[in-house]
Each structure stands twice: as C-alpha cells, then as structure tokens.
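Colleague: I would like a close look at a single part of this model, the place where two chains meet. Please take me through that part in one connected answer.

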Amino acid sequence: MLELRLVQGGLLKKVLESIKDLVNDANFDCSATGFSLQAMDSSQVAVVALLLRPEGFERYWCDRNISMGMNLNNMAKMLKCAGNDDIITLKAEDGSDTVTFMFESPTQDKIADFEMKLMDINSERLGFPEADYHAIVRMPSSEFARICKDLSSIGNTVVISVTKEGVRFSTRGDIGTANVVCRQNTAVDKPEEATIIEMNEPVSLTFGLRYMNSLTKATPLSNTVTLSLSSGLPAVVEYRIAEMGYIRFYLAPKIEEDDD
Amino acid sequence: MLELRLVQGGLLKKVLESIKDLVNDANFDCSATGFSLQAMDSSQVAVVALLLRPEGFERYWCDRNISMGMNLNNMAKMLKCAGNDDIITLKAEDGSDTVTFMFESPTQDKIADFEMKLMDINSERLGFPEADYHAIVRMPSSEFARICKDLSSIGNTVVISVTKEGVRFSTRGDIGTANVVCRQNTAVDKPEEATIIEMNEPVSLTFGLRYMNSLTKATPLSNTVTLSLSSGLPAVVEYRIAEMGYIRFYLAPKIEEDDD
Amino acid sequence: MLELRLVQGGLLKKVLESIKDLVNDANFDCSATGFSLQAMDSSQVAVVALLLRPEGFERYWCDRNISMGMNLNNMAKMLKCAGNDDIITLKAEDGSDTVTFMFESPTQDKIADFEMKLMDINSERLGFPEADYHAIVRMPSSEFARICKDLSSIGNTVVISVTKEGVRFSTRGDIGTANVVCRQNTAVDKPEEATIIEMNEPVSLTFGLRYMNSLTKATPLSNTVTLSLSSGLPAVVEYRIAEMGYIRFYLAPKIEEDDD
C-alpha cells in the first residue's frame with residue numbers, strides 16, 4: 001500500500017505542467033529513496049528525471065517498491081482540479097489498477113478524490129553516470145526561459161557557448177541572427193539572481209529550441225536553473241525543488257552539418 | 001413610456017453575461033413589480049428567471065406593463081460598451097420598436113446612447129410553485145463554479161447528493177472518476193464563506209455539466225449561491241442580487257439509465 | 001555609420017507595435033533632424049509619420065543621411081526580445097545591408113544583439129502642409145481607443161462630428177445605432193484627463209473603424225491624443241512622444257454615398 005501526503009500540493013501540479021508536454025506516459029516509481037520518474041520523450045532527444053525525497057512529504061508510506069504507469073496528460077487534468085494551497089495525498093492499494101489523488105482544502109471543508117486508471121508501461125531506467133562537465137552555468141531560471149523564448153522567434157536551434165566572457169546563446173533564421181550574452185554576475189541583491197559560470201574548458205553545443213521551450217515549463221519550480229555542458233554529452237538542465245529533490249532534463253545536442 | 005435608471009450599471013452587464021449563453025432571444029417584462037425576464041434555453045432543459053425590483057433603480061418609470069423582445073447577444077454587445085462604473089438608463093417610447101440604452105460616465109463628461117431594434121417573441125410564462133425542497137445548500141458561488149469547472153474536465157454529468165455528511169458532487173469519464181465533498185461549515189470569517197446545508201431527506205440528482213458551467217457565469221453577481229433540490233423536480237440555482245432581486249436557474253435533472 | 005542609443009528602449013517597442021499592423025515595409029530615415037519614418041498603408045487610406053528627435057537619444061551618431069528599408073513585422077519580432085527597461089542601440093555600418101539592434105539590460109549582465117537584413121523600398125515622401133483645421137480635439141488617448149473599439153462592435157464606420165456641444169462619435173449597423181458624446185471638460189485632477197475642443201466651424205467626417213482601431217495601438221505611447229479635422233482633408237491623429245517627437249496618422253475620410 002502507498003500513501004504519500006504532500007502539504008505543498010501546488011508543487012506536484014507544477015511538476016506535471018513541466019513534463020506533460022515532453023512525455024505522454026511514464027512510470028512513477030516509489031521506494032524508500034523517494035517518489036521518482038524517468039522517461040524519454042517520443043523523439044528520443046530528451047530524458048526527464050524527477051526525484052521527490054521522502055523527507056519532503058508529511059507522510060511517506062510505501063511498504064514495498066511500486067511502479068505506477070500513468071498518462072501524464074490525464075494526471076495533469078486531475079491535478080488542475082486541486083487548489084494551489086491544497087494538500088495532495090496520493091494513494092494506491094496493493095494490486096489495484098487505479099491510483100487516487102485526494103485534495104484537501106486548507107480549511108478542510110472541501111475534500112476531493114480523483115481516481116485514475118493505471119497503465120502498463122514498459123520502460124528501462126537509463127543510467128546517467130556523474131560526469132565532469134566542461135562548464136556549469138547557474139542562472140536565474142526566468143532569464144533562461146526568456147532567452148529560449150526570444151531566440152525561438154528568430155530560429156529553430158540555439159548554440160550555447162561558454163567562454164571566459166560568459167555564456168552565449170545564438171541562433172539564426174530567415175529574418176536574421178541573434179546573440180545573447182550573459183556575463184558572470186555575483187554582485188546581486190538576492191543570491192538567486194546571480195549568474196555563476198564554472199568553466200574548465202570552453203564548450204559549444206547546439207540544441208533544438210523546441211525542447212528548450214518545453215523544459216523551461218519547469219521554471220515555476222525554482223528560481224535558478226543549472227546547465228551542465230560537455231562536448232559530446234547530453235546537457236543537463238536541472239531545476240532544484242527546495243528541500244525535496246529535483247527535476248532534470250538530459251538533452252542530446254544536435255550534430256550540426258551545414259551550420260558554422 | 002419606460003425609463004429605468006440604474007446607478008450600478010455594471011450589474012446589468014453582469015446579468016447579460018450570465019444568461020446570453022443559455023438563451024438567444026427573450027422578452028424583458030416591465031411592470032410595477034419590477035424588471036423581469038423568464039426564458040427557456042433552446043434544448044428546453046433550463047429556465048432562467050430574473051427579477052430586478054423597482055427599489056433598486058434610482059428612477060423606475062413604467063406607466064404601463066410592457067414586454068420587450070430582445071436578442072440577448074446584441075444587447076450584451078451594447079452593454080459591453082458601458083463602463084463598469086457607468087450609470088445605465090433604459091428607455092423606450094410607447095409604441096416604438098426600439099429600446100435605447102444610455103450610458104453616463106461617473107464624471108458626466110461622456111454620454112453614450114445605443115439604440116437597438118426590438119423583436120416579437122412568443123413566450124409563455126411558466127409557473128414555478130413554491131416547493132418544499134428535500135435539501136437546500138448555500139455555499140460560496142466561486143466554490144460552486146470551481147467544482148463544476150473541475151468536474152467537467154473529467155466527465156459530462158454531475159451527480160449532486162446531499163446527505164448528513166455534506167454535499168457531494170461526483171462525475172465519471174474515460175480517464176477516471178471524481179468526487180468532491182463540501183461539508184457544512186459555519187466557522188468562517190465572513191458569512192458569505194459559509195457552507196450551510198438544510199436537509200429534510202437525502203437527495204441525489206444528476207445534471208448536465210454543460211448547463212452548470214453556463215449558469216455559473218452568474219457568479220460575479222453574488223458571493224453565494226443557493227441550490228434547492230428535490231427528487232423529480234427541477235433544481236433551483238439562485239444568485240441573489242443585493243437589495244434588488246435575483247437570477248434563478250431551474251434545471252431539469254437527467255434521468256440516468258445506465259449509471260449508478 | 002549610424003549609432004543611435006535610446007535609454008528608454010521600451011519606447012521603440014511601443015512605436016513598432018503601433019505601426020506594424022498598418023504598414024508592412026517602410027524606410028526609416030536618419031538625418032540631423034532625427035530618426036523618422038513616413039509610410040502609407042497598403043489600401044492607401046492612412047499615412048503614418050514618425051519623428052524621434054536627436055535630443056531624445058543618449059547618443060545620436062549619424063554622419064550622413066541614410067534610409068534603411070525594414071520589414072516592420074520582423075523588426076517588431078526582434079524588438080519584442082528586448083526587455084521593457086533595456087537600453088536599445090541601433091547600429092548600421094556604411095554600405096552594409098544589415099542593421100543591428102543591441103539590447104542592454106539595466107544591470108548590464110545581459111547583452112543581446114539582433115542583426116536584421118535591410119530591404120530596398122521605393123517610396124516618396126508626401127508633403128502635408130500645415131493646415132488651419134476646422135476643429136481640434138484633445139482627449140485622453142485611452143478614452144478615444146475605448147470609443148473606437150466599442151463602436152466597432154456595432155458598425156464599420158464612425159462619423160466624428162464636432163459642434164459646440166462637444167465631439168460626437170456615431171455608428172450604425174445591423175443591430176442598431178450608437179452615439180458617444182464627449183463634452184469639453186477641463187475640471188480634472190490631472191491635465192492629461194482633460195477633453196479640450198477648439199472649434200472654428202462645425203465639422204463632420206466619416207472614417208473606417210478598422211483604421212481607427214489600428215492606429216489606436218499607439219495609445220501606450222501617450223496619455224493624450226489630438227484629432228485635427230477639416231472637411232475634405234485627411235484627419236490627423238497625433239500621439240506626442242514626450243520630449244522626443246510624435247507619431248501621426250493621416251487618415252482619409254470616407255465619401256459616404258448611401259448613408260445619412
């Protein structure tokens with residue numbers, strides 16, 4: 001039997017909004033290490049990895065490892081019915097083919113339960129070994145989202161280059177070219193407004209802006225985003241979820257043939 | 001001759017917004033008892049009844065009973081041109097086939113008059129005798145609207161059941177089921193936030209969510225809504241309009257054949 | 001070589017938003033008198049004239065007269081990528097077929113440059129001699145925009161009539177007629193809320209509401225708008241841009257044949 005009670009229910013709503021565009025169906029896995037998900041998008045370019053650790057839940061009851069296949073779009077529809085301040089409890093009986101989401105309003109005068117059918121989904125967990133990245137950039141998540149959105153009005157791909165100068169986002173399209181440079185900046189009022197660049201060696205990688213714009217839907221989950229980049233490796237775009245875990249997107253770079 | 005001057009013009013705008021989706025054309029009746037409307041929706045499932053009493057108008061001049069057929073969509077288009085703080089005056093000459101809406105800005109430096117053609121509409125007034133309802137639920141109107149909207153993302157019909165436990169709204173659809181329970185709750189900061197349930201006997205009725213979502217367009221007219229329910233009778237969903245009257249929706253329950 | 005540095009970059013964004021619906025392609029002219037544009041809409045009913053004087057720029061470097069043909073839609077796409085508080089610098093090398101827009105964030109930690117291809121556009125400058133207008137109306141720009149929007153839900157054309165009574169905007173359509181009268185009003189808290197009518201002789205002109213609704217996109221540029229009207233002349237609708245210049249729309253009146 002499974003019972004996970006999350007006081008900040010709004011967080012689960014934001015998690016779903018941030019992954020449902022990339023992935024249709026996925027297994028949520030529940031074990032002693034936490035409530036997690038790993039799934040690949042249909043074009044096999046991006047992998048989403050979510051972890052919510054047990055300490056983040058008010059109640060985390062999970063007496064054996066369980067994997068629950070869910071349609072993320074349907075799950076998102078149900079979670080949209082929770083208020084942002086509602087407590088969300090996720091329940092599943094042993095052997096049941098359904099999961100129940102219970103929403104309690106803060107004043108407890110309204111209680112909703114939504115029951116959803118589970119699905120059988122074949123999936124394999126991919127291993128992503130810890131790597132030494134050529135460059136790691138931490139920046140405000142809203143800035144990163146804005147840049148991806150802006151560039152996609154000009155072109156389809158973005159070249160992300162890290163040099164001593166800073167991190168450069170470039171694109172080109174029919175109407176012209178665009179370059180946005182963010183410099184290291186730690187002289188800020190609030191630590192989450194800083195842009196911090198750790199560079200071991202310069203790196204330049206190309207990504208589809210479509211994927212970037214999908215994964216930046218995770219922006220409401222965290223004030224900052226971390227980009228980890230190495231030549232020939234998938235980039236890791238990580239949004240930390242305060243005191244609970246993270247959502248990470250592994251994004252394969254494009255091999256450019258006809259572009260400089 | 002008819003001249004009705006309503007200082008809170010925004011109220012008439014809200015009235016139109018709340019009925020124009022259900023009803024296309026309707027007669028507005030003006031008499032010593034007030035400015036009123038009764039109309040059935042095209043699928044003959046819902047009846048709207050509006051009453052605005054003379055005391056709510058700054059000037060209520062109506063020297064004989066008059067019935068004015070209006071296209072509600074066109075009337076709503078004209079009223080949208082009034083500012084929310086404008087004073088609205090409705091005028092009709094005896095024997096004229098038009099009605100004039102005059103909008104005065106609060107500072108009186110802008111005066112608009114919109115003239116609309118009247119229509120001949122055959123309609124009969126239905127009588128709705130006062131009934132002893134099995135259950136009467138008063139709850140915040142925004143809560144009721146939110147529940148109807150939420151459930152319609154799962155199913156097409158809602159079962160409203162009143163028991164000692166509270167009022168339960170249930171639906172089912174392809175992706176699963178949903179139940180929302182609101183308990184009696186009078187320990188609130190403001191009286192309009194209370195949920196009050198008067199039950200003579202348990203009742204359970206099924207309604208189309210499409211109609212529920214149409215009639216909850218009246219939510220801006222009142223902080224609270226009252227549902228009056230009896231087996232075999234149309235439900236009454238009433239929004240009181242402060243110091244002036246009400247808008248009521250009579251909604252025929254669905255006869256379920258293949259549902260529990 | 002050309003280099004124009006505008007600290008209030010948001011202003012250039014607003015300028016583009018206000019003209020891109022009327023005009024597709026246009027030459028921006030840069031000379032000692034300022035950065036300007038004059039262009040006719042494709043149906044040859046409206047002419048836009050923009051002037052931004054050198055004193056409004058932090059840096060205005062323009063060593064010879066230059067005319068740059070731009071696609072306004074593409075230019076607007078690029079300017080949308082500037083933050084509202086960004087400093088915008090426009091640069092062009094001599095003989096180059098591109099223009100560069102540089103956006104600097106207020107904190108200087110983000111710098112973007114967008115390069116756009118220029119176009120060859122044949123255009124002739126029209127002369128609009130100073131005229132003695134029959135009537136000049138100055139009114140709040142948001143009020144004027146609201147009236148044009150409201151009337152276009154009823155009809156397609158607006159008759160603007162100035163009399164001693166005030167300025168009257170009228171339309172008629174299938175569902176009825178509408179008249180909005182604004183009276184002279186100088187007893188206001190803030191000077192920009194005044195409605196001031198200078199009338200030498202009464203005037204009444206008819207315009208397409210489609211054009212009115214296009215040109216009122218300039219509303220964010222100024223709190224007030226000035227309408228200059230004379231029988232048989234194009235109306236001038238002017239939005240002053242504080243301390244820098246103006247955007248003016250010359251709009252040909254309609255010759256009504258079958259309307260009173």
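How much area do chain A and chain B bury between them, and what percentage of it is on carbon and sulfur atoms?

Modeller: This is a predicted model, in which local features need pLDDT of at least 70 and side-chain atom pairs count only at pLDDT 80 or more, while totals for chains, interfaces and linings use all residues. Residues are numbered from 1 along each chain as its sequence is written, chains are lettered from A and ligands numbered from 1 in the order in which they are written, and side-chain values use heavy atoms, with hydrogens and water left out. Chain A and chain B bury about 1,500 Å² between them, with 46% of it on carbon and sulfur atoms; buried area is the accessible area (1.4 Å probe) that two parts lose on being put together, summed over both. Within chain A, the residues that lose the most area to chain B are A:Asp109, A:Lys110 and A:Ile111, which together make up 36% of what that side buries. In terms of contact (heavy atoms within 4.5 Å), 17 residues of chain A meet 18 residues of chain B. Nine residue pairs, both members at pLDDT 80 or more, are in polar contact between chain A and chain B, a term for a pair of N or O atoms within 3.5 Å where, within protein, one must be able to donate a hydrogen and the other to accept it, and where residues adjacent in sequence count only if both atoms are side-chain atoms. The elements of chain A that give two or more residues to the side touching chain B are α2 (72-79) and β9 (110-117), and β9(A) supplies the largest share, eight residues.

Key:
Helix = DSSP H or I, 4+ residues; strand = E, 2+ residues; numbered from the N terminus.
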